[in-house]
Amino acid sequence: MSAHRSKTLVVAARRVHGIACVVCLSFSPLLAEESPTAADTVRFEGYPNAPTVNVVPRKDELFFYPCDQCHESMEPNPEIRELDTMHDSEIEHGRGRLWCLSCHDFENRNYLRTFLNELVDLDEAHVVCGGCHANRHKDWAYGVHGKRVADWQGDRTQYNCTHCHNAHSPAISPRAPKEPPPVRAGLKLERGKNHDAHSDNGTEQK
Amino acid sequence: MAKDSRSKETQNKFDMARRNFLRGIGVGAAVSMAQPAWGGQTFGDAFDDFFQKHYKKMTADEMQETLLRIERKAKIRYDADISCSNTPPQENVVFGYAINISRCQGYRDCVQACVEENNLGRDSQVQYIRVLQMDQGDSNLEHSDHYYDPEEVPVAGKYYLPVQCMQCDDPPCVKACPVEATWMEPDGIVVVDYDWCIGCRYCMTACPYWARHFNWTEPEIPTDEINPDTHYLGNRPRPRGVVEKCHFCIQRTRKGRQPACMEACPTGARIFGNLLDPDSEIRYVLENKQVFRLKEDLGTEPKFWYFSD
Amino acid sequence: MAILRFILDGLREMFRGSRNYWLWLMVLTVVVAYGATRYAQQVMNGLVVTGMSDQVSWGFYIANFAFLVGIAAAAVLLVIPAYIFHRKDIKEVVLVGEGMAVAAVTMAILFVVVDLGRPDRLWHMIPFIGRFNWPMSLLAWDVLVLSGYLVLNLAIPFYLLYYRYRGKEANFRLYFPFVVLAMFWAISIHTVTAFLFSANPARPFWHTSLLGPRFIASAFASGPALIIITLQVIHKVTQYNVSKSVIDTLALIMAIAMQINLFFVGAELFTDFYNEGAHAASIHYLFLGLDGFNSLQPWIWFALTLNVIAVVILMINPLRTNTLYLNIACVLAFVGIWIEKGMGLVVPGFVPTPLGEIFEYVPTSVELSVAAGIWAFGILIFTLLAKAVIAIERGELRYPEKVSPYSL
């Protein structure tokens with residue numbers, strides 16, 4: 001099948017997710033070669049003294065995973081360019097220093113990559129993040145960054161970086177706070193002259 | 001006393017009559033003890049309530065009785081079926097807490113989670129956690145805003161400082177209490193025996209962190225929102241007229257679970273664990289981060305640290 | 001038994017008198033009853049009926065408590081001249097002073113009780129039956145010293161009056177040690193009460209070593225003010241003779257104490273305002289307002305003004321010895337110190353809170369009514385005690401020594 005035709009199918013698939021990909025696949029002649037397995041991925045061993053951490057799996061939460069569903073039928077293109085895709089392609093990460101293939105493996109889209117071109121499973125995405133954010137990664141490995149789930153005691157289970165940070169736009173967005181504290185029943189709150197009655201948007205002078 | 005001139009037969013009749021009379025009173029007393037009176041409580045329960053001993057003085061049986069009585073009271077007061085336990089502290093555990101103020105965004109999710117977990121009165125205005133909005137570069141608490149309510153947090157140029165009971169190692173509140181209703185448990189939590197507190201509020205005066213709160217009215221909790229897993233020293237329903245405060249979610253943490261505030265925090269700003277465990281996160285924070293405590297110079301030795309990174 | 005007769009005669013004396021006397025008792029009783037009903041309201045609904053909050057958790061009740069402990073301690077100002085300096089004129093009125101101490105301590109204790117969230121749990125404080133955190137808790141100390149002071153000021157006069165009643169000489173060697181004890185105890189009750197506040201580093205406004213001395217100085221100014229006025233009233237409405245020399249001595253003590261008190265206030269103001277830091281926030285709030293909040297500001301300046309006028313009068317000899325001017329000074333000083341040491345001491349300790357919040361406090365009508373009821377109760381107690389004391393001191397009440405079938 002010509003490259004042009006597979007591209008048309010992808011365009012069509014863009015309009016109808018999921019099922020279209022399956023349809024596309026069945027027409028695809030680009031059968032994957034031997035796919036890498038877990039054994040081919042790397043686990044970070046840089047903190048041997050860090051306690052064992054179970055990482056909450058991430059792949060179940062990823063809508064488009066496995067990426068091969070579509071990418072198997074697409075010719076990988078290493079040229080750094082602006083993309084318009086059906087999933088996150090706007091990279092608000094690194095201030096122009098990164099693009100997709102900085103973190104995603106070129107040939108095996110089900111995996112991420114390290115600087116040494118090792119494969120990283122998406123459930124262990126922290127290995128990739130740690131490549132640049134080493135201090136944060138160390139904090140995370142020792143449990144002082146990110147979030148521990150379940151108990152404070154016993155086996156540690158922590159979220160992956162990507163649970164909170166969208167890798168393509170990692171900054172945490174502001175959101176509305178919960179209500180201010182109440183005052184005792186029967187009493188009224190009086191705000192001082194240095195404070196706004198309801199909101200504090202940081203514009204008043206001190 | 002003059003010798004009774006009655007015959008033995010008559011005397012026996014009198015004895016029987018007296019015995020039956022006393023028995024009747026006894027039964028009547030027992031029955032009346034069991035009748036709901038005293039604001040719905042049985043007389044027996046009200047009596048036991050009044051003469052309830054200090055937590056440390058109760059025998060195991062008395063404690064069991066007390067826990068059951070608390071469960072009964074909750075049923076009457078809130079129409080809720082709760083269980084009240086007295087989980088003891090774990091060995092070799094002393095709790096410590098740290099908050100990463102670079103991560104805190106001021107959501108107040110912790111405040112809300114605490115209110116729900118700990119059966120805080122929805123209208124008695126007790127909240128164990130208060131989040132302060134501070135100006136960037138300013139650590140003067142007097143410039144803080146407790147009632148911030150912007151469209152979105154974090155507000156530019158501000159940072160957020162959640163404050164709750166510091167579980168001090170040298171607590172001024174414990175010294176202040178005239179009836180020893182508050183003390184530090186072996187696992188480091190400063191607890192209150194709500195059934196012993198006389199409500200003098202001297203401990204509130206003594207606390208440098210404004211961590212202790214008073215039930216000016218009866219706490220109101222909607223039946224469907226009551227948390228039924230309670231601890232005698234923790235989140236069991238409290239009466240009016242007593243002091244209460246953060247107890248590191250004693251009902252959860254003694255069983256290995258995270259405190260509700262830590263569980264609720266979406267940014268993972270809260271770090272909690274065993275100070276005696278060298279591999280714990282809290283120990284890592286204390287050994288590797290630039291931590292500080294509030295009002296360090298007062299010598300209260302809080303087990304609650306802050307750091308930023 | 002003679003003691004029983006003594007008590008009964010005393011009680012009978014308390015409840016007999018002129019129409020005006022009964023009118024006075026009735027008025028006081030009405031106020032007490034009104035206060036009691038408002039207190040019942042507080043017990044029914046909880047302390048939410050007061051103006052206190054988590055931010056300002058002590059208010060009008062504790063303010064009155066602190067002031068009244070000072071009044072109680074000031075009874076010692078009659079005891080010392082009477083027994084140590086052998087002032088016969090003062091010895092004649094010393095028991096009236098002790099009656100005032102009893103009334104003041106009773107009022108102080110009542111003010112603490114009505115402030116409690118769970119007065120039904122008072123038994124928790126009894127040693128061995130409950131758990132009494134002594135010697136660690138300053139409040140436990142205060143309960144101990146106030147109870148002891150009450151007992152001393154009931155026991156010593158009881159002993160002396162009983163012997164007077166029997167027409168006998170009391171055993172000096174027996175009661176004098178207790179009198180000395182009472183002198184030191186008087187200082188201790190007010191020092192302990194001061195320590196109750198000053199022991200809290202959490203409250204910079206109170207955390208000063210000067211608080212104990214301030215309390216004593218203001219007590220020795222406000223106490224004599226009340227005693228001077230009371231003795232003059234007694235001199236007027238009863239047959240009891242109060243020498244002018246007593247009044248003059250008390251006025252002199254008061255003058256010195258007022259000067260010391262004002263010096264202390266000045267020292268606080270200088271120390272806090274010269275290099276003003278965060279610890280001065282409370283005093284700033286009190287005298288100058290803070291962040292737009294200034295509800296106490298007019299009160300403290302008013303109190304300061306009253307105190308200054310009073311001390312000026314007292315410092316000018318011809319004015320101090322003039323009855324009218326002296327009485328004016330006494331009223332001004334009493335009211336001024338009541339404001340300064342009451343609300344002007346307790347409330348600013350809570351503003352701002354340890355977390356920097358400014359939340360103001362205004363007493364509600366429940367608090368004012370209950371307080372009025374307690375003051376009326378104290379005045380009632382004093383009236384009754386003074387009635388009996390005066391009758392015995394004047395020799396009107398005597399134990400009939402010979403019990404014969406023909407005696408009346």
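How many salt bridges does the count come to over all chains? The total is 50 salt bridges over all chains, in what is a predicted model.

**Salt bridges**

One of these pairs lies within chain B: D309(B) and R103(B) form a salt bridge whose closest N and O atoms are 2.8 Å apart. D309(B) is in the segment after β11 (304-307) of chain B, and R103(B) is in the loop between β2 (95-100) and α4 (109-117) of chain B, so the pair ties together parts that are 206 residues apart in sequence. Between chain B and chain C the count is four salt bridges. Among them is the pair of R131(C) and E180(B), with the closest N and O atoms 3.0 Å apart.

| Salt bridge | Closest N and O atoms |
|---|---|
| D309(B) and R103(B) | 2.8 Å |
| R131(C) and E180(B) | 3.0 Å |

**Interface of chain B and chain C**

Across this interface, 34 residue pairs are in polar contact, with both residues at pLDDT 80 or more. On the side of chain B that touches chain C, the elements giving two or more residues are β3 (130-135), α5 (172-176), α6 (202-206) and β7 (213-214) of chain B. The largest share, four residues, comes from α6(B). By class, this side of chain B has 28 nonpolar, ten polar and ten charged residues.

In terms of contacts, 48 residues of chain B meet 49 residues of chain C. The size of an interface is often given as the accessible area lost when the parts come together. Chain B and chain C bury about 4100 Å² between them, and 55% of this area is on carbon and sulfur atoms. Three aromatic residues, Y202(B), W210(B) and W216(B), supply 19% of the area that chain B buries against chain C, more than any other three residues.

**Second largest pocket**

Rolling a probe the size of a water molecule over the atoms shows where empty space is left. The second largest pocket has a volume of about 1100 Å³. Its lining consists of 37 residues, and the closest to the centre of the pocket are Q41(B), D49(B), P239(B), R118(C) and D120(C).

Which elements each supply at least two residues of this lining? They are α2 (43-50) and α3 (60-78) of chain B, together with α2 (19-45) of chain C. Of the elements, α3(B) gives the most to the lining, with six residues. By class, the lining of the second largest pocket divides into 18 nonpolar, eight polar and eleven charged residues.

Notes:
Residues numbered from 1 in each chain as written. Chains lettered and ligands numbered in written order. Predicted model: local features only at pLDDT ≥ 70, side-chain atom pairs only at ≥ 80, totals over all residues. Heavy atoms only, no water. 1 Å grid on protein atoms, 1.4 Å probe; cavity = no way out; pocket = protein on both sides within 12 Å on 5 of 7 lines; lining within 4 Å. Points joined across faces, edges and corners; volume = space filled by probe spheres on them. Nonpolar A, V, L, I, M, F, W, Y, C, P; charged D, E, K, R; others polar. Contact = heavy atoms within 4.5 Å. Buried area = accessible area lost by both parts, 1.4 Å probe. Salt bridge = Lys/Arg side-chain N within 4 Å of Asp/Glu carboxyl O. Polar contact = N/O pair within 3.5 Å; in protein donor to acceptor, adjacent residues only side chain to side chain.
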